Amino acid sequence: MKKLAYAIAFTITGLFLLLALVIVFALETGRMSRSDLAFLVDLGQRDGIGAVIQIIRTELYGVDESIAADPSYGRVQVPGRGHAPWVIRTNLDGRPRMLLFALAPDLWAAWDVAGQSLYQVWQGEVLFEGAAYNHQHGPQPVSRGDWYVRDDAGARWFILAAGEELPAGVEYLGHEYGPDRATARMRFRLRAGEHRLQLTEEPEVEEREGAAT
């Protein structure tokens, strides 16, 4: 049993070392930028090492070109949503650590998860560019279309305690899907002194009398 455990540990260690060498080579040869590396780290934390390996094989080295244009791992087409996958962690418009929601066809919302702040809601598309998407070194995803809401400054969070507004720091805790991936929500924590709050946000679009809200 011990020999089997050692063999498994050795195999896993070797896999991580091999993956590290491949990433270093991609960085040195210009196949990948540091922002692409940050994307892969986020992807690995969310979907596991298998997702990272899949992206590297298909997007960096052209294995199985039939899925090479996939901008994320684990494509699942959800009825009513505008993209597969419809929740994507990536850079956007030069901003790192963004979380995108394809709420409906041609309707997107993007959060800056560093401050848990709604950055933009727009009708249009996302142009997915970069080594992780189309083998191009340098470009990053950008939003295209007409925006309804845009906040470049970002939100400021407070905790109300004993009638006093205390400026709060934000810690992003990740996102998760609901049943059948039909819904999704973000989890985050606010901290102000000794006060702690854990909150969730669940973006959704609702049509009322022909208008989206």
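**Strand Pairing and Side-Chain Contacts**

Visitor: Which residue in β9 is the bridge partner of Glu-171?
Guide: This is a predicted model, in which local features need pLDDT of at least 70 and side-chain atom pairs count only at pLDDT 80 or more, while totals for chains, interfaces and linings use all residues. Residues are numbered from 1 along each chain as its sequence is written, and side-chain values use heavy atoms, with hydrogens and water left out. Strands are DSSP runs (E, at least two residues) numbered from the N terminus, and two of them pair if DSSP finds at least two bridges between them. In β9, the partner of Glu-171 is Arg-189.

Visitor: In which order do the three strands of the open sheet stand?
Guide: β8 and β9 (residues 184–192) run antiparallel and are joined by eight bridges. The open sheet is paired in the antiparallel sense, and its order is β8-β9-β10.

Visitor: Is Glu-171 buried, partly exposed or exposed?
Guide: Buried means under 20% relative accessible area and exposed over 50%, with partly exposed in between (1.4 Å probe, protein chains only). At a relative accessible area of 30%, Glu-171 is therefore partly exposed.

Visitor: How far apart in sequence are the parts that Arg-95 and Asp-152 tie together?
Guide: Arg-95 counts as buried at 19% relative accessibility, whereas Asp-152 is exposed at 52%. The two residues form a salt bridge, their closest N and O atoms being 3.3 Å apart. Arg-95 lies in strand β2 and Asp-152 in the loop between β5 and β6 (158–161), so the separation in sequence is 57 residues.

Visitor: Which residues form the aromatic cluster?
Guide: Rings of Phe, Tyr and Trp (its six-membered ring) pair if their centres lie within 6.5 Å; planes under 30 degrees apart count as stacked, over 60 as edge-to-face and the rest as tilted. Phe-101 and Trp-111 form an edge-to-face pair, with 5.6 Å centre to centre and 80° between the planes. Both Phe-101 and Trp-111 are buried. The cluster consists of Trp-86, Phe-101, Trp-111 and Tyr-177.

Visitor: What is the relative accessible area of Val-113?
Guide: Val-113 is found in the loop between β3 (107–112) and β4 (117–127). Contact means heavy atoms within 4.5 Å, and, residues up to four places away in sequence not counted, Val-113 touches Arg-89, Arg-97, Leu-99 and Tyr-172. Val-113 is buried, and its relative accessible area is 0%.

Note on methods:
Helix = DSSP H or I, 4+ residues; strand = E, 2+ residues; numbered from the N terminus. Salt bridge = Lys/Arg side-chain N within 4 Å of Asp/Glu carboxyl O.
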